[in-house]
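Work through these exercises with the structure open beside you. Try each task before you read its solution.

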Amino acid sequence: MAKKVYLVDTENVGAVWKHLFQFAANTDDILLFYTENTPFLSYNDLEFILSYKERFTMIKCYTGNNALDFQLVSYLGFLMKTGAKTQYIIVSNDTGYDAMIRFWSDRERNVSRLSQAELVRKVKQKEEKILAEKALTEKGAAGGNLTGQKEDQGSTEKQGEQIEEGNQRESVA
């Protein structure tokens, strides 16, 4: 699996980028591009983010018309010189990055954009996967015979029917 570098346009997505910590690998880089125009963080967000302070780098940018965008893109070019096999992901709602992404994709570089909505959707999918795995683990533990006693055939069949009923209820919901 290729290393990932997330380049975050904080002026554009605010603090929603903090959810990257929920699915980014420990080996991935999270680069936060910010200016004095970046929206302020709540104390709760700040406390959460600081609990991951080893996982991100802050890059202060100059202000101006699209200034952060240009600095982020030039930094991306700098990174691509040494990381040809790296996957670069720009976290922003700004579709202005898309032409640059197509430019580098045509040159077989792995560059993409992750919008705020896509980021939130990814987090929800991961949470749902974790809950589903937890439910399967709990079902497996509840269905197992932990006492070491031999179960009779009737109780085994009854458990199978209960699990099947539970699965039917879940598929309807």
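**Exercise 1. A cluster of rings**

Which residues do ring pairs link into a cluster?

Solution. The model is a predicted one. Look for aromatic side chains that pair up. The cluster is made of W17, F21, F48, Y52 and F56, linked by ring pairs. Now look at F48 again. K18 lies over the face of this ring, at 5.8 Å from the ring centre.

**Exercise 2. Classify one ring pair**

Find how many aromatic pairs the structure holds, then classify the pair of Y6 and F23.

Solution. 
- Step 1: Start with the count. There are 10 aromatic pairs in the structure.
- Step 2: Take the distance. The ring centres of Y6 and F23 are 6.4 Å apart. The cut-off for a pair is 6.5 Å.
- Step 3: Take the angle. The two planes stand at 75 degrees, so the pair of Y6 and F23 is edge-to-face. Angles over 60 degrees get that label.
- Step 4: Y6 belongs to strand β1 (residues 4-9), while F23 is in the loop between α1 (10-13) and β2 (29-34). They are 17 residues apart, and the pair links distant parts of the chain.
- Step 5: Check accessibility. Y6 and F23 are both buried.

**Exercise 3. Describe the largest pocket**

State the volume of the largest pocket and describe its lining.

Solution. 
- Step 1: The largest pocket holds about 290 Å³ of space.
- Step 2: It is lined by 16 residues, and Y34, T38, P39, L41 and M58 are the closest to its centre.
- Step 3: Ask which elements contribute. β2, α2 (43-50) and β3 (56-60) each give at least two residues to the lining. The largest share is that of α2, with three residues.
- Step 4: Sort the lining by class. It has 12 nonpolar residues, four polar ones and no charged ones.

**Exercise 4. Follow V73**

Is V73 buried, partly exposed or exposed, and which residues does V73 touch?

Solution. 
- Step 1: Locate the residue. V73 is in helix α3 (residues 67-82).
- Step 2: Read its accessibility. The value is 27%, so V73 counts as partly exposed. Buried would need a value under 20%.
- Step 3: List contacts. Leaving out residues up to four places away in sequence, V73 touches Y97 and M100.
- Step 4: Compare sequence with space. V73 and I101 are 28 residues apart in sequence, and their C-alpha atoms are 9.8 Å apart.

**Exercise 5. Step back**

How many helices and strands are in the protein, and in what pattern?

Solution. Count six helices and five strands. Along the sequence they read β-α-β-α-β-α-β-α-β-α-α. The protein has 173 residues, and 31% of them count as buried.

Terms used:
Residues numbered from 1 in each chain as written. Predicted model: local features only at pLDDT ≥ 70, side-chain atom pairs only at ≥ 80, totals over all residues. Heavy atoms only, no water. Phe/Tyr/Trp six-rings, centres within 6.5 Å; stacked < 30°, edge-to-face > 60°. Helix = DSSP H or I, 4+ residues; strand = E, 2+ residues; numbered from the N terminus. Buried < 20%, exposed > 50% of the residue type's maximum accessible area, 1.4 Å probe, protein only. Lys NZ or Arg CZ within 6 Å of the ring centre and 35° of its normal. 1 Å grid on protein atoms, 1.4 Å probe; cavity = no way out; pocket = protein on both sides within 12 Å on 5 of 7 lines; lining within 4 Å. Points joined across faces, edges and corners; volume = space filled by probe spheres on them. Nonpolar A, V, L, I, M, F, W, Y, C, P; charged D, E, K, R; others polar. Contact = heavy atoms within 4.5 Å.
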